[in-house]
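Dear colleague,

Please find the structure below, handed over for your use. My findings follow after it.

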Amino acid sequence: MRSIEKFGEIYRFNLSEEFYVQSLLEIAVQKNILTLEELEIIQVQCIQLLNSQIEKYNNGQSSSVRIEVAEGIMKSILYTIGIQLKTFPTPKDAVNMLKTTTIEKLYQLGRKRIDQKLKATKVLTNLMLENKLDTPQEIYNATVTEGVKGFFKIYNPNFEAHEIHITADYPVCVPINGFVGIEFMQKYVETINYENIFCRYFSSEAIHCLLSGYQEEYQYLVMNIYEKVLTTAIGCKIIGKDSRDLTISKIQKNYLLNFLSTQSVEQLKEIVLKAAKLLKYELGINAGSLEKYIDKSLSIIVANIATAVKSNALDQQFITAKYIDKNYKIKFSDGSKIDDELYRNVIKEIKECRYTSDKLAIIKSEIHSMSDLEDVIRDATLSKSEIMEVLTLLNPIEIAALLKRHSYDLELEFNGVREEEMRFRECLDIYLSLQSNDLRGQILKASHQIEEK
């Protein structure tokens, strides 16, 4: 008589993603959900299917192959069957299908699902390429552009469904553990696409300057771009500043170290979660798969920050951007201009405002291109102090772009320019003079590197 303790449920988390069928059969026998006789029938059917597949492998000319080839084909068969069995609501349902459906039939169903996953992964790959980051990092470019394409060229679902044949060298923030074959590739491409989409909320030049602050020749490093961007953006929200320029000064970094070093791990977690919530609100990320991926990333960010605080290495997490790179051209995008009627309404609304804070709120809300901002500064008859306040809203790259557009030109001065333009130039000069020598030099150099898109 069987011991009652041996009966029970099979829990999904106890099963291997890579060896799903093998682990399912093993536990099913242990739990007496599957008898040894039933297991033997399944094993015989697997051997029969293996023989059939070997003949196909040899184009019908032979039924013998090297042992390692036969082992590989059997792994492919079981992996393919596992793809189908994973679709059932519970592992127990999957065991029942193994009892009532032939291995050949389950294999064919699994093979169709692999084809579906291949098509879906190709669609995801196209999206990933559309969202590809403009970065000089070599490992990212090699993997995203060539590595993933290489998978589709050599993937063989008939005899090597469990293989990927590429190294997938670019690391993602949230590791993809346990998965192989098309399942791994689908999740890998999907993950990189999420990371791309998030990073595209920030300008490529801001990301470049951030990573240059981490290491000037970062293009040769094997590191995850998204993780650095997300961590720094969260740091910006912790100190209460806009995240889009990805800049944390040395003084602000010291504040973060002093503040965070007094917190427990649980308190640190609460601080990061609150900052992430503010960040998602600022960027307009409020639902869907991207938000879920960001939330999954936060445990890693918290762990990294906690370790950095303990080892006094917070500068490796919250990076001070570096704006100098003599070999790098900064591509600057102007942004989306608003239509003429809306622009006139914005100017009217600004002029009717009594307080500077209200004017700034309108500008932040309605103006999303540098050209519109320049026009507003001139057309809304802002005072010098108000223009200075507007300039504080901009990141160093945007200031550099304005300097390039409004550089001092003696011939123009001689021929005369609008009073508003002169006032704007004066404010730019004053703003620049108020910056530290280091930052001022970086902004001036960046202004020479900028190329308008």
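The notes below go through the cores, the cysteines, the helix contacts and some individual residues.

This is a predicted model, in which local features need pLDDT of at least 70 and side-chain atom pairs count only at pLDDT 80 or more, while totals for chains, interfaces and linings use all residues. Residues are numbered from 1 along each chain as its sequence is written, and side-chain values use heavy atoms, with hydrogens and water left out.

Nonpolar cores

A nonpolar core is here a set of buried Ala, Val, Leu, Ile, Met, Phe, Trp, Tyr and Cys residues joined through side-chain atoms within 4.5 Å. Buried means under 20% relative accessible area, exposed means over 50%, and partly exposed lies in between (1.4 Å probe, protein chains only). Helices (H or I, at least four residues) and strands (E, at least two) are DSSP runs, numbered from the N terminus.

The largest nonpolar core comprises 73 residues, and Phe198 and Ile234 have the most contacts inside it. Helix α12 (residues 288–310) supplies the largest share of this core, 10 residues. Apart from it lies another core, of 37 residues, including Cys353, Ile363, Leu373 and Ala446.

Contact means heavy atoms within 4.5 Å. Leaving aside residues up to four places away in sequence, Phe198 touches Tyr226, Val229, Leu230, Leu279, Leu283, Ile285, Leu290 and Ile294.

Cysteines and helix α8

A disulfide is a covalent bond between the sulfur atoms of two cysteines. The criterion applied is a pair of cysteine sulfur atoms within 2.5 Å. By this criterion, the structure holds 0 disulfides. For Cys209, the closest cysteine sulfur is that of Cys236, and it is 13 Å away, too far for a bond. Cys353 is likewise in no disulfide, as the nearest cysteine sulfur, in Cys427, is 19 Å away. Cys209 counts as buried at 2% relative accessibility, and Cys353 counts as buried at 19%.

Cys209 is one of the buried residues of α8, which are Ser204, Glu205, Ala206, Ile207, His208, Cys209, Leu210, Leu211 and Ser212. Because 9 of the 11 residues of helix α8 (residues 204–214) are buried, this helix is largely enclosed by the rest of the structure.

Helix contacts

Axes are lines fitted to C-alpha atoms, for helices over the stretch in contact, and angles run from 0 to 180 degrees between N-to-C directions. Angles under 35 degrees count as roughly parallel, over 145 as roughly antiparallel, 65 to 115 as roughly perpendicular and the rest as oblique. For residue classes, Ala, Val, Leu, Ile, Met, Phe, Trp, Tyr, Cys and Pro count as nonpolar, Asp, Glu, Lys and Arg as charged, and the others, Gly among them, as polar.

The axes of helix α1 (residues 20–30) and helix α4 (residues 91–100) come within 11 Å and cross at roughly 95 degrees. The two helices are therefore roughly perpendicular. Tyr20, Leu24, Leu25 and Ala28 of α1 make this contact with Pro91, Ala94, Val95 and Leu98 of α4. By class, the residues of the contact are 8 nonpolar, no polar and no charged.

For helix α2 (residues 36–57) and helix α5 (residues 103–130), the axes come within 9 Å and cross at roughly 60 degrees. This makes α2 oblique to α5. On the α2 side the contact involves Ile42, Gln45, Cys46, Leu49 and Gln53, which meet Ile103, Glu104 and Tyr107 in α5. These residues divide into 5 nonpolar, 2 polar and 1 charged.

Individual residues

Thr80 is placed in helix α3 (residues 67–85) and is buried, with a relative accessible area of 0%. Not counting residues up to four places away in sequence, Thr80 touches Tyr107, Gly110, Arg111, Ile114, Pro157 and Ala161. Ser23, in helix α1, counts as buried at 12% relative accessibility.

Lys310, found in helix α12, is exposed, with a relative accessible area of 73%.

Two residues other than glycine deserve a note on their backbone. Asn312 has a positive phi, near 55 degrees; Asn312 is found in the loop between α12 and β1 (330–332) and counts as exposed at 56% relative accessibility. Thr381 also has a positive phi, near 45 degrees; Thr381 is in the loop between α15 (370–379) and α16 (384–391) and is partly exposed, with a relative accessible area of 48%.

With kind regards
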